[in-house]
Amino acid sequence: MSHTFTLDGKPVPFTEGQTIMQAASAAGIFIPHLCYHPEFKPHGSCKLCTVKVNGRHTASCTMRAAAGMVVESETEEINAERRALTQMLFVEGNHFCPSCEKSGNCQLQATAYHLGMMSPHYDHFFPNRAVDASHPEVLLDFNRCILCSLCVRASRDVDGKNVFALSGRGIRTHLIVNARSGKLGDTDFTLADKAAQVCPVGVILKKRQGFAVPIGERRFDKAPISATAETTEER
Amino acid sequence: MSTDKKKLKVATTSLAGCFGCHMSFLDIDERLFTLLEHIEFDRSPLTDIKTVSPGTDIGIIEGGLCNAENVHVLREFRQNCRILIGMGACAVNGGLPAQRNHLPLTTILEEVYHTSPGLSNGMIPNDPELPLPLNKVHPIHEVVKIDYFIPGCPPSGDAIWKVLTDLLAGKEPELGHGLMHYD
C-alpha cells in the first residue's frame, strides 16, 4: 500500500495523519500560506494554501493527505485566486512597506512577491486603527494585522496567557488585547513569549530595534519565500 | 536594430510623488542612450513639455492623487496614452502622502497653518490658482485604468529598465526575485 499522493504531477510521500501541507513541506515543496505555522494547530482561515484535490478546492493545511489524491497547487488558476486574496488583505489594512520595520522579513510581502502582485488592484479601505505603544518592550501596530490568529494560538496554547483574541465577525473582525484597558501594557505579555515571535507581518514589533538589518540583507532579500518550504524562522 | 522604425512616444509625470521615481528612472544611466534609439519623450519633466500629445504610446505616472490637478493630469494621460504605467509605491497605494488618510483634512490644514507653534497670522492658502486638496490621497488605479505597475519606493533603475525593455520587446513585463520590491 503506497502512501503517496501526487502534487502537480509529482509523487509526494506522507505518513498517516499528515496534512497535504505537512507532507508537501517535508518533501521541500512550497505551498503559499499565511495563517499556517508548523508548530501550531491549523486555523484554515487565510485560504492562501488552497489547492485543488481531485478537482475540488480545499485548504491544504487542514486537509489530511490520502493515498492516490491528485493535488494541484502551482496552476495559473489557483495562483490568480491566491493573488486576489492577497490583494484584498493589502487593501483592507494599511500596508505601507517603505515605512514598515518588518519589510524584507514580512511573509505577506514575500508571498505577494511570490504571487507576482504588481498592485493591490482593489480600492483601498484606508482604515483608521490606533497603535498600542503601552508595553515597555513591544509595539502593536494593528494597521498591518491580517487576522492569521497565530499570536492568539501561541499565547493561548504555548504561553498559557490568552493575551490576544479575535473579536467581531466578518469584515469587522479585529485583533484585541485581553485586558480591561485593552492595552498590552496592562497584560503579563513579555518579549520571551512565543506570541512575540510568530507574527508573520509587522504588528508585534520589538521596540528600539527597527531597521536593524540593511536592505539587501533581510530574509526575503536573500531568497524568495518559496525557497523555504517550512517557514519556521521568525524575527 | 532598424533606425527607420518609428520611435515610441513616451510621456512621464510626477503627481503626488517626490520625483524619487524619476531620479531612479535616470539611474538606468547610459542605457538611456539605448532607450532613446527606441523612444522619444513627449510631456515629461525631462522635456518640460506641458501637455500630452494625442497618440502617445506609453505614459509613466509617478505618485498618487492628492489634489484636483493630479486627477486632471492623470485623466489627460489616460486619454492620450495607449499604455499607462504606474511607477512607484505612491502610484500603487498612495504611499507616504496617504499617511494623512486617517486624519480629517480640516484638522491637517488647521495644524499646518494655524495651530503649529511658531506660526503668526497663519492663514490657509486660498489662491484660486492652487488646486484643491482631495479629502483622501488615492492610488491612481482607483480613478483610471492602469495597464502595468512597477512597485518600489522607488523601483530600482534595473526594475524600470526591465519593464520598459519587456514592453519594447512586446512581452508581458515581469519582475522576478530581486527586482520586485514594495520598499
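Ile160(B) is in contact (C-beta atoms, placed from the backbone, within 7 Å) with Ser24(B), Phe25(B), Ile28(B), Met87(B), Ile150(B) and Pro155(B), leaving aside its neighbours within four places in sequence. This is a predicted model, in which local features need pLDDT of at least 70, side-chain atom pairs count only at pLDDT 80 or more, and totals for chains, interfaces and linings use all residues. Residues are numbered from 1 along each chain as its sequence is written, while chains are lettered from A and ligands numbered from 1 in the order in which they are written.

**Confidence**
- The model has an ipTM of 0.93 and a pTM of 0.94.
- In chain B, pLDDT (the predictor's confidence in each residue, from 0 to 100) averages 94, and 98% of the residues score at least 70.

**Chain B as a whole**
- Chain B contains six helices and seven strands; these are DSSP runs numbered from the N terminus, with helices being H or I of at least four residues and strands E of at least two.
- Of the 183 residues in chain B, 38% are buried, a term for residues with 20 or more other C-beta atoms within 10 Å of their own, C-beta atoms being placed from the backbone.
- Among contacts in chain B with a separation of 6 or more, 78% join residues 24 or more positions apart.

- In soluble globular proteins, nonpolar side chains tend to be buried together.

**Between the chains**
- In chain A, 14 residues are in contact with 22 residues of chain B.

**Backbone details**
- Most residues other than glycine have a negative phi, and most peptide bonds are trans.
- The peptide bond from Cys153(B) to Pro154(B) is cis, with omega near -10°.
- Pro154(B) lies in the loop between β7 (148–150) and α6 of chain B.
- Arg208(A) has a positive phi, near 60°, and sits in the loop between β10 (204–206) and α5 (219–222) of chain A.
- Arg208(A) is exposed (12 or fewer other C-beta atoms within 10 Å), as 8 lie within that distance.
- Asp48(B), in the loop between β2 (39–41) and β3 (56–62) of chain B, has a positive phi near 70°.
- Asp48(B) also counts as exposed, with 7 C-beta neighbours inside 10 Å.

Key:
Two residues are in contact if their C-beta atoms, placed from the backbone, lie within 7 Å.
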